Amino acid sequence: MEKFTTLTGIAAPLPLVNIDTDMIIPKQFLKTIKRSGLGVNLFDEMRYDRQGNEIPDFVLNQPQYRQAEILVAGDNFGCGSSREHAPWALKDFGIKSVISTSFADIFYNNCFKNGILPIVLPQEAVDVLMKDAEKGSNARMIVDLEAQTVTSSDGERFSFEVDGFKKHCLLNGLDDIGLTMEKAAAIDTFEVQASQARPWV
């Protein structure tokens, strides 16, 4: 998993509340078990009409936000059914951090396991960042995980809380497999000892 340290990027404003996982990635795209290729279907029903044409008004279809790496969203982001495809789709599109006042628990945890930093901030801070994101591609925010701060394009800085273990994993690019591989030496030692103790297994 890619390490997350400091991100400087374009932020897209999505001031909608209760964006559920089916809005993030509709159910018809859940057949794949691959993490790649889902970005084109991110927010599919909001991005495209029934003929498959882009809806120009949707924020990620606008030229200034096509390269967005940060999403500033309304309250209760990622609610609804638990599907790991939701963070997969966000990451595949290029979104590396989502800022909101609250997240659904399962989605929140899935983000960390897939290299995305979800940031919870008070409504007042999100309002400032939402307005900053509306400036388009000329406004770039800075997300500093080590310092646990988000800085607007105008230099206004907001601190956020993050669990120490989740922070460690993101900073070091460790998903569940990576965490297991950190114990590779101990696992190898155990396997040798187990083989010697029970050679018939």
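**Exercise 1. Find what the buried residues of helix 3 pack against, and list those residues.**

Solution. 
- Step 1: partners. The buried residues of helix 3 pack against helix 1 (21-24), helix 2 (44-47), strand 2, strand 3 (97-100) and helix 4. The model is predicted.
- Step 2: the cut-off. A residue is buried under 20% relative accessible area.
- Step 3: the names. They are His85, Ala86, Pro87, Trp88, Ala89, Leu90 and Phe93.
- Step 4: the residue that follows. Gly94 comes after helix 3 and has a positive phi, near 125°.

**Exercise 2. Classify the packing of helix 3 and helix 4 from their angle, and describe the contact.**

Solution. 
- Step 1: geometry. Helix 3 (residues 85-93) and helix 4 (residues 105-113) pack at about 50°. Their axes are 9 Å apart.
- Step 2: hand. The crossing of helix 3 with helix 4 is right-handed.
- Step 3: residues. Helix 3 contributes Ala86, Pro87 and Leu90. Helix 4 meets them with Phe107, Asn110 and Cys111.
- Step 4: The contact residues divide into 5 nonpolar, 1 polar and no charged. Asn110 is in the contact, and Asn counts as polar.

**Exercise 3. Classify the ring pairs Phe77 with Phe107 and Phe103 with Phe107.**

Solution. 
- Step 1: the pairing rule. Ring centres must lie within 6.5 Å. The count by this rule is 6 aromatic pairs.
- Step 2: Phe77 with Phe107. The centres are 5.4 Å apart and the planes stand at 65°. Over 60 degrees counts as edge-to-face, so this pair is edge-to-face.
- Step 3: location. Phe77 lies in the loop between strand 2 (70-73) and helix 3, and Phe107 in helix 4. The pair therefore ties together parts that are 30 residues apart in sequence.
- Step 4: Phe103 with Phe107. Here the centres are 6.3 Å apart and the planes are at 20°. Planes under 30 degrees apart count as stacked, so this pair is stacked.
- Step 5: burial. Relative accessibility is 0% for Phe77, 3% for Phe107 and 10% for Phe103. Phe77 is buried, as are Phe107 and Phe103.
- Step 6: the cluster. Ring pairs link Phe77, Phe103, Phe107, Tyr108 and Phe112.

Definitions and conventions. Residues numbered from 1 in each chain as written. Predicted model: local features only at pLDDT ≥ 70, side-chain atom pairs only at ≥ 80, totals over all residues. Heavy atoms only, no water. Axes fitted to C-alpha atoms, helices over the stretch in contact; angles between N-to-C directions. Helix = DSSP H or I, 4+ residues; strand = E, 2+ residues; numbered from the N terminus. Left-handed = near helix turned anticlockwise from the far one by under 90°. Contact = heavy atoms within 4.5 Å. Buried < 20%, exposed > 50% of the residue type's maximum accessible area, 1.4 Å probe, protein only.
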